[in-house]
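Me: I would like to go through this model and ask what stands behind each label. Please set the values against the cut-offs.

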Amino acid sequence: MRGLGSRRFGGVSHADLQEEEPSQSSSTSESTHDQDAEEENRCFGTFQGTIVGLRYYTGTVNRGEMVALVRQPQNPYDRNAVMVANVYGSQVGHIKKELAAALAFIMDRNLARVEGVVPYGKTNSFTMTVTLTFWGREENQEAVHSQMKNHGYKLNAVKGSSSAASWDRYGGAGSSSEICPVILTQEELKNAFDKLFDDLLEDRTREMEAAEAVRTPLLLHQKQALYWMTSRENSSDLPPFWEQRSGLYFNVLTNFGARESPESVLGGILADDMGLGKTLTTIALILSNFHNGKPLPVKYEGGASESRPSTSSTAHPAQKGASRRKEDSPKPLQTLKRSHKESDRTAASEDDDDVVVVSETRADQKPTASQPKRQTVKLHDVDFGSSLDSSRSASAKSRMKKGSGQTVKLHDVDFGSALDSSGSSLDSSKSASTKSQVKKGSGTSKKSPRPTLIICPLSVLTNWMDQFEQHLREDVQLNLYLFYGPDRCRQASFLSEQDVVLTTYNVLTSEYGKNSVLQKVLWLRVVLDEGHIIRNPDALQSKAVLSLNAERRWILSGTPIQNSVKDVWMLMCFLRLKPFAVREWWMRVIQRPVMMGNKEGLKNLQALLKVLTMRRTKLSKANGRPILQLPEKKVFLQKVVLSKEERERYELEKAEGRRIISRYMADGTVLRNYADVLAILVRLRLLCCHCDLVGKLTETAGTADSSSPAELRERLISKIRLVLSSGVDEECAVCLDSLRQPVITHCAHVFCKPCICEVIQSKQLAAKCPLCRANIKSTELLEYPGDEEDSRPTDRKDQWRSSSKVEALMTVLLKLRSEDPTIKSLVVSQFTKFLNILEVPLRESKFSFTRLDGTMNQKARARAVSELQDPSPGSPTVMLLSLKAGGVGLNLTYGAGA
DNA sequence: ACCGCCGGGTGCC
DNA sequence: ACCGCCGGGTGCC
């Protein structure tokens, strides 16, 4: 570890190893995120080269440390120049010019990725040895070898035939782990992670109570998450893979050493499954961990302000043991009889870097704060008035209004003090709850921001508002600002005073680049909801997200590792985990090793996620019990006897179906006529619901080879419709996932369009149906045209008739209603047409009901759900639910907060 | 750099 | 004195 004494940072080369915008390091061979990078897995060999000019630069390296090679085509002395930089981007020296001439050719043409490790570190002050390793795609190997040869260099072959073997020797931190040339499949990878998190749960049993402002009692696993998140935010731990060694900070993966401590990663990834309450946990975090485990100082309605004393029931993560869950009902306010001034002083004395009274600091921190007061108010009003469609969530809206009024008032107060700027406003009686902090750029004071920025997809924006509404105590005055809509307020000073600013990825992206206020504000924390959205590093929204200034950063995601290890990189960039914001280090240390099946690489990735991620599934356990304690499920099976007429029809169809299927059996063509078989079964199931669901039996089955193209097409379309409308979650036999863009082949098998097209592409003319081996062509695929909008039976009410099943259902519903008129029921069917039929008797019996099926867009679905969940009298008590549309991702609870 | 290289000084032994 | 040799100055790209 020599040469550390003179280490300095922020060298000239930072510009070349872009941290903030990883995709723009265009002067390096690392610039591309395209597929090539993933395939550059072959090791062409190694070479001992020389780094010169050490004495001109401050960047230093340790023995075995990884270095980056960066082309400098603009170098005035040599256009072939190759600069050498250490992990932090400080320049170490240059590659000797003769060697650089050879490398420049290779690097400029992307024939190989050239990576360096300095095996001895600094042995003299002028030059140093570097072990170069060449990685690339197989087809470029020859070109690389001959280019080196032309310059009089010969690559050393890598020991062992497997290129994977080379990683440990030349890329790894000198580890001697065994070689594992097996490439892990995605599935194995995923299992490895799930197992990892299972093991982890045992270590994460500490709990923390939410601040009193949070009304909804947290479940055990949510308290555990809150504890974990709080301790991550208050952590001063070194980031993963950093150690302190003899007074220096040392990265064990790259062997890089630094005098300064790398910044702690204050945040991480909350990757709980859907439905475990990530939103509530995040809200609790915002309210409960303002600074050092103290709750966010919020104002309570009625003028009382609370700066919660540290004696409250909130357990600081540093405290031992778990505190007990607080009462389910809100406690009476713990009224503070101190004067506001006193409470300010208390806060300050308890916690030096806590908060500063806003009216005190604003005056000098923002001398330009001369916006007209009127405008502020107006902007605010408009903001809450406009916003989303929001025909739903009326309650949230009214709450927002309430909040808005409060915010305006506070704003006015601050504003006044900013104007008179005498500084005497310190004793302002209003200021206790409007504590804020000195913003970045204010110069004098330590930065200590207040607001949390939440970024989410538009589709869940109202959900966030609802959840704040639902989970906060009613008398809490939270300054929540919806940064959305054409009249959103773009004043940094205003945003900096909020507790929470809520916006969407789209808004963030559209503001990005035009001097966005969101980039100017220093946020206490930034929360990315559905954080996997920023997977693509080239996307503008990813860049916008990365450029936000924040002290703490969180990613909420049900699926953090959606597709592959590649996705994790952006998350690490966002969390600013050094040194992975520079893609080269991520590639060398994590991604390529993992992709090549290197055990050490996988271990490192796991270690990384282990520290930064909390993930529970619905099946996870907390303290030995399932985290979700569902009420006991009771199943009542009611057998409905068909009427004589129905039974006759059913038996007729059954006999006919038997006849057809046994013919297929005899011919050995069951598989080939799979859709027909399914259709027969579906018809029988339909008949059990209602005879009108089934048309007259048409002779379609088994005649596939004797009809006109138009007839064939018609038949296939009706088959695919039948298959899809059966409500069974059809699987594509190629991807084994549920169908996307379903198409039907001439042999009547249904696949995802992309899947079957890929099959045909690869086999060309010889393509066979994966299910029945019949010849298939891409031109013969028929796409599913979507459901024909059949007229609902209400249109022809006169023709409506009941069925045994309908009668049975109505009997049960009426009985339930007579016992409890407010009871809510879900009526589920696989067949939306049956739901249509059911609407008639429901209406007749004066049931108020909602409906949710696959034809409805997200907004309509959300409305249907919230209407059903409305507890007020006269609200819908029945929901007609199509099995397929309601089967996944629907969160239906009744009696909120339970 | 305890090198290599360059260029000026120098010149029998 | 169109060379060799010596020794000081110098040094990434």
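Me: Where does Asn 255 lie?

Reply: The model is a predicted one. Asn 255 sits in the loop between strand 8 (248-251) and strand 9 (256-258).

Me: Why is Asn 255 called buried?

Reply: The cut-off for buried is under 20% relative accessible area. Asn 255 has 12% relative accessibility, so Asn 255 counts as buried.

Me: What makes the backbone of Asn 255 worth a remark?

Reply: Asn 255 is not a glycine, yet has a positive phi of about 65 degrees. Asn 110 is also not a glycine and has a positive phi, of about 55 degrees. Asn 110 is found in the loop between helix 2 (97-108) and strand 5.

Me: Why is Asn 110 called partly exposed?

Reply: Partly exposed covers what lies between the limits of under 20% for buried and over 50% for exposed. The relative accessible area of Asn 110 is 35%, and therefore Asn 110 is partly exposed.

Me: What makes the contact of Arg 588 with Glu 115 a salt bridge?

Reply: The test is a side-chain nitrogen of Lys or Arg within 4 Å of a carboxyl oxygen of Asp or Glu. The closest N and O atoms of Arg 588 and Glu 115 are 3.3 Å apart, and the pair forms a salt bridge. This pair links distant parts of the chain, with Arg 588 in helix 18 (residues 583-595) and Glu 115 in strand 5 (residues 113-118), 473 residues apart.

Me: Are the two partners, Arg 588 and Glu 115, buried or exposed?

Reply: Arg 588 has a relative accessible area of 1%, so Arg 588 is buried. Glu 115 has 2% relative accessibility and therefore counts as buried.

Me: How do you know that Arg 215 and Glu 474 meet in a salt bridge?

Reply: The limit is 4 Å, and the N to O distance for Arg 215 and Glu 474 is 3.4 Å. This pair also links distant parts of the chain, 259 residues apart. Arg 215 is in the loop between helix 5 (186-201) and helix 6 (220-233), and Glu 474 is in the loop between helix 12 (461-471) and strand 14 (476-477).

Me: Why is Glu 474 called exposed, and why is Arg 215 called partly exposed?

Reply: Exposed requires over 50%. Glu 474 is at 53% relative accessibility, so Glu 474 counts as exposed. Arg 215 has a relative accessible area of 26% and is therefore partly exposed.

Me: What separates Arg 659 and Glu 656 in the chain?

Reply: Arg 659 and Glu 656 both lie in helix 20 (residues 644-667), three residues apart, which is about one turn of the helix. Their side chains meet in a salt bridge, with 2.5 Å from N to O. Arg 659 has a relative accessible area of 40% and is therefore partly exposed. Glu 656 is at 18% relative accessibility, so Glu 656 counts as buried.

Me: Which residues do salt bridges that share partners join into one network?

Reply: The network consists of Glu 115, Glu 584, Arg 588 and Arg 592. The structure holds 34 salt bridges.

Me: How do you know that strand 18 is mostly covered?

Reply: Strand 18 (residues 549-556) has eight residues, and seven of them are buried.

Me: What makes strand 17 and strand 18 a pair?

Reply: Pairing takes at least two bridges. Strand 17 (residues 522-528) and strand 18 have six, in the parallel sense. Trp 523 stands opposite Ala 550 in strand 18. Strand 10 (residues 267-270) also runs parallel to strand 18, joined by four bridges. Leu 270 stands opposite Leu 556 in strand 18.

Me: How do you know that Tyr 57 makes a polar contact with DNA strand C?

Reply: The cut-off is a pair of N or O atoms within 3.5 Å. A polar side-chain atom of Tyr 57 is 2.9 Å from a base nitrogen of DNA strand C. An N or O atom in the side chain of His 94 is 2.7 Å from a base oxygen of DNA strand C. For a polar side-chain atom of Asn 75, the distance to a base oxygen of DNA strand C is 3.2 Å.

Me: How many residues surround DNA strand C?

Reply: There are 13, and the closest are Tyr 56, Tyr 57, Asp 78, His 94 and Lys 97.

Technical notes: Residues are numbered from 1 along each chain as its sequence is written. Chains are lettered from A and ligands numbered from 1 in the order in which they are written. This is a predicted model: local features need pLDDT of at least 70, side-chain atom pairs count only at pLDDT 80 or more; totals for chains, interfaces and linings use all residues. Side-chain values use heavy atoms; hydrogens and water are left out. A residue is near a molecule or strand if one of its heavy atoms lies within 4 Å of it. A polar contact is a pair of N or O atoms within 3.5 Å; within protein, one must be able to donate a hydrogen and the other to accept it, and residues adjacent in sequence count only if both atoms are side-chain atoms. Helices (H or I, at least four residues) and strands (E, at least two) are DSSP runs, numbered from the N terminus. Buried means under 20% relative accessible area, exposed over 50%, partly exposed in between (1.4 Å probe, protein chains only).
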